[in-house]
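Work through the exercises below with the model open. Try each task before reading its solution.

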Amino acid sequence: ALALLKALTPHFTAEFGIRPFIADEQDEALAIIATWTTDSDHHVRRLASEGTRPRLPWAMRLPKLVADPAPILPIIEALVDDEEDYVRRSVANSLNDMAKDHPDLVADFVERHAVGASKNRLWLLKHASRTLVKKGHAKALANFGYAPLTDVTATLTLAHDRIAFPGELGFEIHLSNRGAEPRTVLLDYAIHHQKKDGSLTPKVFKGKSLMLAGGESVDIKKRHALREITTRAYYSGIHRLEILLNGVSVANGDFDLIMPRDKTA
């Protein structure tokens, strides 16, 4: 069956088709799939990485590989420098899947493979680390030069502390490098949205990367739209804006969101 799916994959999608075999007979299936990493057809090589992803979207999950992805690491290792971007992107996505359950394992993998990395491999490693970077994983950030900052300070100013929905949250961040050495800064921010039960849940948004020279200060103005979207329900009440530098919280401020039904209350 796997041989047939291998033959079909240059013409049809097969990553969904091989997963039941991996789920039922993992060792035997992976032993066969591992031989595909040296195939001359890049569709077959991609099938080896894409079909074994622990959390492949819209496909059956592979619980054993979610719990322990070690059996597919040889496949990832074999394809990390594949000549096709199509394959490398799949490898990065597989590593990103693993990072959701085994963040330290992926951060360690990236650290090992970043030494002497080519431009293509470095892109792969960064793409593989996107979930870890967004969550502020210390080692993942350090892998790309974003070490914790002890000499950079941040001051946050909100344009308004009450915002009618739909509206816009305006804010300004004053960054200052009080040290003598230049510092690489990854600036992100999180909106802590109020839920129906009154609790707050954060959502991280990407900001920008910049270099601050020793003694340099900079002011950064941002705007965040608060509007109706299908993936989030908004509720009236106190929300929080949090500023993150290299994954570490350095400043925050609260604002009151007023929904339309409450404007006349």
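**Exercise 1: the open sheet**

Three strands build an open sheet, ordered S1-S3-S6 and paired antiparallel. Strands here are DSSP runs of E with at least two residues, helices are runs of H or I with at least four residues, and both are numbered from the N terminus. Two strands pair if DSSP finds at least two bridges between them. The model is predicted: local features need pLDDT of at least 70, side-chain atom pairs count only at pLDDT 80 or more, and totals for chains, interfaces and linings use all residues. Residues are numbered from 1 along each chain as its sequence is written, and side-chain values use heavy atoms, with hydrogens and water left out.

Solution. 
- Step 1. Count the contacts of S1. It runs antiparallel to strand S3 (residues 167-177), joined by 7 bridges. Val152 stands opposite Asn177 in S3.

**Exercise 2: strand S7**

Task: Decide how enclosed strand S7 (residues 237-245) is, then list its pairing with S4 and S8.

Solution. 
- Step 1. Apply the burial classes: buried is under 20% relative accessible area, exposed over 50%, partly exposed in between (1.4 Å probe, protein chains only). In S7, 7 of the 9 residues are buried, so the strand is largely enclosed by the rest of the structure.
- Step 2. Take the S4 side. Strand S4 (residues 183-194) and S7 run antiparallel with 6 bridges. Leu187 has Leu245 of S7 as its bridge partner.
- Step 3. Take the S8 side. S7 pairs with strand S8 (residues 248-258) over 9 bridges, again in the antiparallel sense. Leu245 stands opposite Val248 in S8.
- Step 4. Inspect the turn. S7 and S8 form a hairpin with 2 residues between them, and Asn246 in the turn has a positive phi of about 50°.

**Exercise 3: salt bridges across the chain**

Task: Count the salt bridges. Then examine the pairs Asp39 and Lys6, Arg45 and Asp82, and Arg162 and Asp256.

Solution. 
- Step 1. Set the rule: a side-chain nitrogen of Lys or Arg within 4 Å of a carboxyl oxygen of Asp or Glu. The count comes to 18 salt bridges.
- Step 2. Asp39 and Lys6 meet at 3.4 Å, N to O. Asp39 lies in the loop between helix H3 (26-34) and helix H4 (42-50), and Lys6 in helix H1 (residues 2-8), so the pair ties together parts 33 residues apart in sequence. Lys6 is partly exposed, with a relative accessible area of 28%.
- Step 3. The closest N and O atoms of Arg45 and Asp82 are 2.5 Å apart. Arg45 is in helix H4 and Asp82 in the loop between helix H6 (73-79) and helix H7 (85-99), 37 residues apart. Arg45 is buried at 6% relative accessible area, and Asp82 is buried at 9%.
- Step 4. Arg162 and Asp256 meet at 3.4 Å, N to O. Arg162 lies in strand S2 (residues 162-164) and Asp256 in strand S8, so the pair ties together parts 94 residues apart in sequence. Arg162 is exposed, with a relative accessible area of 53%.
- Step 5. Look for shared partners. Salt bridges join Glu15, Arg46, Glu50, Arg53 and Asp97 into one network.

**Exercise 4: Pro74**

Task: Place Pro74 in the secondary structure and state its exposure.

Solution. 
- Step 1. Pro74 is in helix H6.
- Step 2. Pro74 is exposed, with a relative accessible area of 54%.
- Step 3. Pro74 and His42 are 32 residues apart in sequence and 17 Å apart in space, C-alpha to C-alpha.

**Exercise 5: the whole protein**

Task: Summarise the secondary structure, extent and burial of the protein.

Solution. 
- Step 1. The protein has 11 helices and 8 strands.
- Step 2. Its C-alpha atoms fill a box of roughly 65 × 50 × 30 Å along the principal axes.
- Step 3. Of its 265 residues, 44% count as buried.
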